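Here are some notes to read alongside the structure. Please keep the sequence and the 3D view open while going through the points.

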Amino acid sequence: MSTPHDHLYLVVVGHVDHGKSTLIGRLLFDTNSVPDGKKERIEAACKAEGMDFEYAFLMDALLEEQAQNITMDTTRVPFRTPRRQFTIIDAPGHKEFLKNMITGAASADAAILMVDASEGLREQTRRHGYLLSLLGLKQVVVAVNKMDLIDYDEKIFARIRTELTEFLGKLNVQPAHFVPIAAKHGEGILRTSAHTLWHRGPALLEALEQFRATPPIEGAPLRLTVQDIYRFDARRIVAGLVEAGSVAVGDPIEFHPGGKRSRVKTIESWPASNFRGPIGAGLPVAITLEDELFVERGQIGAPPTAVPVEAREFTARVFWLHAEPLRVGDTLPLRLGTQQADARIVAVSRVLDAVTLDASLAPATEVKRHEVAELRLRVRRPIAFDAGGKIPSLGRFVLMRGRRIAGGGVIDSAVREDAGRDDTLPVTPASRTTLLGHRGAVIWLTGLSGAGKSTLSTALEQRLFRAGILPAIVDGDVLRAGLCKGLGFSDEDRKENIRRAAEAALLLADAGAVVITALISPFRADRQLVAELCGVRGVPFAEVFVNAPLAECERRDVKQLYARARAGQIPRFTGIDSPYEPPLAPALELRTDLEPVEQSLEKLFVLATSLAHETGTPFADSGADI
Amino acid sequence: MTHLDELESQSIYLLREAYHAFGKVGMLWSMGKDSNVLLWLAKKAFAGHIPFPVIHVDTTYEFPEMLEFRAWAKQHYGLELIVHVNEEARARGIGYETTDPVTVTHELKSVALQQVLGLHKFDALVTGIRRDEDSTRAKERYFSPRNAEFEWDYKDQPPEFWNHFTTEVGPGEHVRVQPLLDWTEIDIWRYCDQEKIPLPGMYFARNGRRFRSLGCMPITKDVPSTATTIDEIIEELKVTRTSERAGRAQDHHERNAMQKLRAKGFM
């Protein structure tokens, strides 16, 4: 069907100042790829400005780059050896230019990872190694540069090789070769250096010549991404790209999302006509269909026997490039193939330190620039994709912030297929979850009057609402003025008050809300009852102890209740003449006298989102029958 | 799949993305070899129909043979052709006879382009620039935003990967769409050969000289050559070590002339 091309895109990555641009300049010079006079001209310019000539300048032709000694942006430079044609994509190592490195590396076939022999592994050595793995680059050669600075010491070289092999191994990247070089002096590039006769592998160029241009995916079913529908004349042309497989006249074809099916009637080509195919992977295509289907941009054409996944929610590994962090609850446009849909960040399962590969233990709420994280995302309408790397281009996406690409990700798997799509089915807790993107839950705040329950409940309500989670508050004072009017403060009445509060909270949670209750609820037994009720109804429940010492609450006394209680105007006031039984094992204890509100709020928010996205048996049926 | 197939496929993908993303697309056409490859690719991308106007910024210093080619190609391809001259600058007497080539290029090309953009409210301009032409072009993106002042912020370019591009612009801004960015001079020739793309005769040697790159008459030099076929041109390019635009005077008028021109909106 297609012969592998002999053109290799190469990316050079590694820590700043480990010699990437110098190596590129040297590769160009040593392969006679520099136009006549260019080296001499730059040498003259350097002399005029009192600088030493560097090979890096051959490529870094922009003046200001030479002034700052850093490469500005992705650059492509072709060079060739007798055996093969290369295009180098220069991927600068300066930290703030990571977006350029990704822009370059995402389209490369192979990578040279550079390490300074005198410095060893540094932050960006590891970070770039991680990104190579995330971007799916498998062909890697490690160039251990500046060997001259360590007297071509084999032991130091071996130490770097061991350390880097171990690090990359964890990322499932196996370098083809480690090559000792001194780029500045041209050692180890064309042929193995006389200083490193102990090196038994190939020289750098020989190692590069062994790499293959990324072959089209073999044996995969058709994936035709639809770019547009053209109606310039009577024809209704579906134009797109064959990402995988092949397409020919007469083939049955199904379009996802949606699943509408037809057959390929014609292949429209210019200047030739009447071409019947097959058209293989990597090629553009324009077809007409036998049926008048409503096909639109974003859909993926596939054989009916092997269609892509359709889902609204999935987990993914994401790298973030924007200065403004990616936060739980953010909604941003997601682009996958030619599909675009608004995606909400449902949860950040963990943020990974790309340098140490350590994962943060607690669920996080944001991903900062240059961090890598595992996320759960939910798109507003179903999208079609292929997860798990089978067809890489249909398993990865970008996220937009404003008009810019702000991050990229690779889908790991779809989360639970949508249960609510069939509109003949009754509304169930599961379909509510599908609609809202989260389940209902009860967060029960308990503590003395004045401890901060109402303040925290309204703050959490706002925070959840902003994060796209439906919140509701059940407040003790409000209940007592309405639903519980007439109840007093006897132990029995307190118990009934709590029972009604719990039932109200459960009604709201069944409807899908994350309910925050703010009641003193002083008795352990009563709170235990609430926990059990929630358990029976299958609603996630968490008891939160909003804790401030009595003296502090009395000092605050916002509503002047303590003063009145002390004066004997309010009988049986909790803390004064009625006991408060603190929780024995709360899900969270918030010392509002010791930490600022923002800190307590952040802890509450993490707890609330984890409850709202808790998996497992979603809602017992008994609850849904009410 | 050959390397030319790959390049063609990528260019077609970019053209279709541009046509979908932007409300008003225009394609620059200088009648040169790259421009003609661009036309050819557009015909292929849109099944034989070029769905946007083609713009020629006419400096009034065009070779007569190129103007003949323009008239022929308009007819042959069925182009919706916009020809624009910066009449205001010409009226002020701007020209190679009186002014330095960098200024003339700026006035008669960049300013003229700005005028035509304003006149027709294009939000995307398809250009035929290639990374290998000049080191400043090497840093371009496929979709490269320009602000309302036409400036290119090459220090902070948007990331671009996995076939996703900057496809939205603010008021007054536009995006340069550059489908030939990854092509080299030799790729262009090989593709012209493979597809039998009609080209102006000036690229081929007559009396021992030919034009390698075509621009304004007073500042474009032909080079010694015996190449009368594309095969011979390719053989010649394989051994030449002078740069393609060496015959274009405005690039070399002073140090960093190209960078200055480009930051001000030149292609």
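1. Which residues of strand S1 of chain B point one way, and which the other way? The model is a predicted one, and in it Val25(B) and Met27(B) point one way from strand S1 (residues 25–28), while Gly26(B) and Leu28(B) point the other way. All are buried. In a regular strand, side chains alternate between the two faces of the sheet.

2. Strand S1 of chain B has parallel partners. Three bridges join S1(B) to strand S4 (residues 124–126) of chain B; within this pair, Val25(B) has Ala124(B) as its bridge partner. Two bridges join S1(B) to strand S2 (residues 54–57) of chain B, again running parallel. Here the bridge partner of Leu28(B) is Ile55(B). To get from S1(B) to S2(B), the chain passes through helix H2 (residues 33–45) of chain B, and this β-α-β crossover is right-handed.

3. Now turn to chain A as a whole. Its secondary structure comes to 17 helices and 25 strands. The chain has 626 residues, of which 55% are buried. Among contacts in chain A with a separation of 6 or more, 74% are between residues 24 or more positions apart. The accessible surface of chain A is about 26600 Å², and carbon and sulfur atoms account for 51% of that surface.

4. In what order do the five strands of the open sheet in chain A stand? The order is S22-S23-S21-S24-S25, with parallel pairing. Strand S22 (471–475) and strand S25 (588–591) of chain A are the edge strands, each pairing on one side only. From one strand to the next, the twist averages 20°.

5. One pair at the end of this order can be followed residue by residue. Strand S24 (residues 541–547) of chain A pairs with S25(A) in the parallel sense over four bridges. Val546(A) stands opposite Leu590(A) of S25(A). Helix H10 (residues 453–466) of chain A packs on the sheet and touches strand S21 (441–446), S22, strand S23 (514–518), S24 and S25 of chain A. The direction of H10 makes about 165° with that of S23(A). Helix H12 (residues 491–510) of chain A also packs on the sheet, touching S21, S22 and S23 of chain A, and its direction makes about 150° with that of S21(A).

6. Is Thr517(A) buried or exposed? Thr517(A) lies in strand S23 of chain A. Thr517(A) counts as buried because its relative accessibility is 0%, and the cut-off for buried is under 20%. Apart from neighbours within four places in sequence, Thr517(A) is in contact with Val442(A), Ile443(A), Trp444(A), Leu445(A), Val474(A) and Ala505(A).

7. A loop residue can be looked at in the same way. Gly277(A) lies in the loop between strand S10 (260–267) and strand S11 (284–289) of chain A. With a relative accessible area of 26%, Gly277(A) is partly exposed. Leaving aside neighbours within four places in sequence, Gly277(A) is in contact with Val247(A), Ala248(A) and Ile267(A). Thr266(A) is eleven residues away from Gly277(A) along the chain, and their C-alpha atoms are separated by 9.3 Å.

How values were computed. Residues numbered from 1 in each chain as written. Chains lettered and ligands numbered in written order. Predicted model: local features only at pLDDT ≥ 70, side-chain atom pairs only at ≥ 80, totals over all residues. Heavy atoms only, no water. Pairing = 2+ DSSP bridges. Axes fitted to C-alpha atoms, helices over the stretch in contact; angles between N-to-C directions. Contact = heavy atoms within 4.5 Å. Buried < 20%, exposed > 50% of the residue type's maximum accessible area, 1.4 Å probe, protein only. Areas by Shrake-Rupley, 256 points an atom, 1.4 Å probe, with all protein chains shown as cover. Right-handed = clockwise from strand over helix to strand, strands pointing away.
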